[in-house]
Amino acid sequence: MLVVDDEPGVRKALDRGLRSEGMDVVTAADGPGGLRLAQTGSFDVVLLDIMLPGLSGYRVLQQLRAEGIGTPVLLISAKDGEIDQADGLDLGADGYLVKPFSFVVLVAQVRAVLRRAASESLRGPVRVGGLVVDRATREVRWHDAPVALSPREFGLLEVLVGRAGTVVTKDELLRAVWGDEQAATRNVVEVYIGYVRRKLEAVGAGALVRTVRGHGYLASDTQLDEVLSR
């Protein structure tokens, strides 16, 4: 889940609370950073404040929908007017919460959005920089050049890019790609990561998949690094 809010206290509280509900959370403090992260298409839900420095939540949402990114978006704002809410929904928001809001209600709305998305099978492409992983067609492209991957290799890259900017452990990759931690060993994950890297290196995208020693693997690029370091 992506949380975009310029108030440090709100970001911290939402990060802590949503993680306690079992959700993976990434945060951004301004409009441009939130847009850059949301453009990866790797989030299940975006919680987006309207009043943001650099670019308003309305404009972030408008840009995402203009680019065909259908990630569900819940707008949050201190504005409680009917026109404000209507404007957000007209731009393509999936819900609107007025500050201060109940955390219980927020979680209920997030889960409702996730259920709707699952029932509608919203599985659009995910991307990091010039790398696009199309989950519907199971194709990978780097700046329009196709990258041929085996089914296992595709599965690994799909998980990593689908959680761009977040470290994914070997055990998580085993469960996601092999279906069971007992179905293969951690060494097998290392081998397949090597296969994926070599194929990405062949087209100039080798730096996107990184090893975080002692933790796992990370898909990111310099622009995402900059946003996440703020």
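The legends below describe close-up views of a predicted model.

In this predicted model, local features need pLDDT of at least 70 and side-chain atom pairs count only at pLDDT 80 or more, whereas totals for chains, interfaces and linings use all residues. Residues are numbered from 1 along each chain as its sequence is written, and side-chain values use heavy atoms, with hydrogens and water left out.

Figure 1. The domain assignment of the protein chain gives domain 1 (2-122) and domain 2 (126-229), the bounds coming from an automatic or database domain assignment. Taken over C-alpha atoms, the centres of domain 1 and domain 2 are 26 Å apart. Ten residues of domain 1 are in contact with 14 residues of domain 2, where contact means heavy atoms within 4.5 Å. The size of an interface is often given as the accessible area lost when the parts come together. Here domain 1 and domain 2 bury about 980 Å² between them, and 54% of this lies on carbon and sulfur atoms; buried area is the accessible area (1.4 Å probe) that two parts lose on being put together, summed over both. Of the area that domain 1 buries against domain 2, Arg-36, Thr-40 and Ser-42 supply 50%, more than any other three residues.

**Figure 2. Polar and charged pairs across the domain interface.** Two salt bridges are found across the interface of domain 1 and domain 2, a salt bridge being a side-chain nitrogen of Lys or Arg within 4 Å of a carboxyl oxygen of Asp or Glu. The interface also holds five residue pairs in polar contact, both residues at pLDDT 80 or more. A polar contact is a pair of N or O atoms within 3.5 Å; within protein, one must be able to donate a hydrogen and the other to accept it, and residues adjacent in sequence count only if both atoms are side-chain atoms. On the side of domain 1 that touches domain 2, the largest share, three residues, comes from helix H2 (residues 31-38); helices (H or I, at least four residues) and strands (E, at least two) are DSSP runs, numbered from the N terminus. Elsewhere in this legend's theme of charged pairs, Arg-163 forms a salt bridge with Asp-24, with 3.3 Å between the closest N and O atoms.

**Figure 3. Helix H2 and its surroundings.** Seven of the eight residues of H2 are buried, so that the helix is mostly covered; buried means under 20% relative accessible area, exposed over 50%, and partly exposed in between (1.4 Å probe, protein chains only). The buried residues of H2 pack against strand E1 (2-4), strand E2 (26-28), E3, helix H3 (57-66) and helix H9 (222-228). At the start of H2, a side-chain oxygen of Asp-30 comes to within 2.7 Å of the backbone nitrogen of Gly-33. Gly-34, a residue of helix H2, counts as buried because its relative accessibility is 2%. Not counting residues up to four places away in sequence, Gly-34 touches Leu-2, Val-4 and Ala-28.

Figure 4. Gln-39 is found in the loop between H2 and strand E3 (46-49), and it counts as buried because its relative accessibility is 17%. Leaving aside neighbours within four places in sequence, Gln-39 is in contact with Gln-63, Leu-64, Glu-67, Ile-69 and Arg-127.

**Figure 5. The salt bridge between Arg-36 and Asp-221.** The structure holds 13 salt bridges, and in one of them the side chains of Arg-36 and Asp-221 meet at 3.0 Å, N to O. Arg-36 lies in helix H2 and Asp-221 in the loop between strand E11 (216-219) and H9, so the pair ties together parts that are 185 residues apart in sequence. Both Arg-36 and Asp-221 are buried.

Figure 6. Glu-153 forms a salt bridge with Lys-199, the closest N and O atoms lying 2.7 Å apart. This pair links distant parts of the chain, with Glu-153 in helix H6 (residues 151-162) and Lys-199 in helix H8 (residues 186-201), 46 residues apart. Glu-153 is buried, with a relative accessible area of 5%, whereas Lys-199, at 31% relative accessibility, counts as partly exposed. The side chains of Arg-210 and Asp-225 also meet in a salt bridge (2.9 Å, N to O). Arg-210 lies in strand E10 (residues 209-212) and Asp-225 in helix H9, so this pair ties together parts that are 15 residues apart in sequence.
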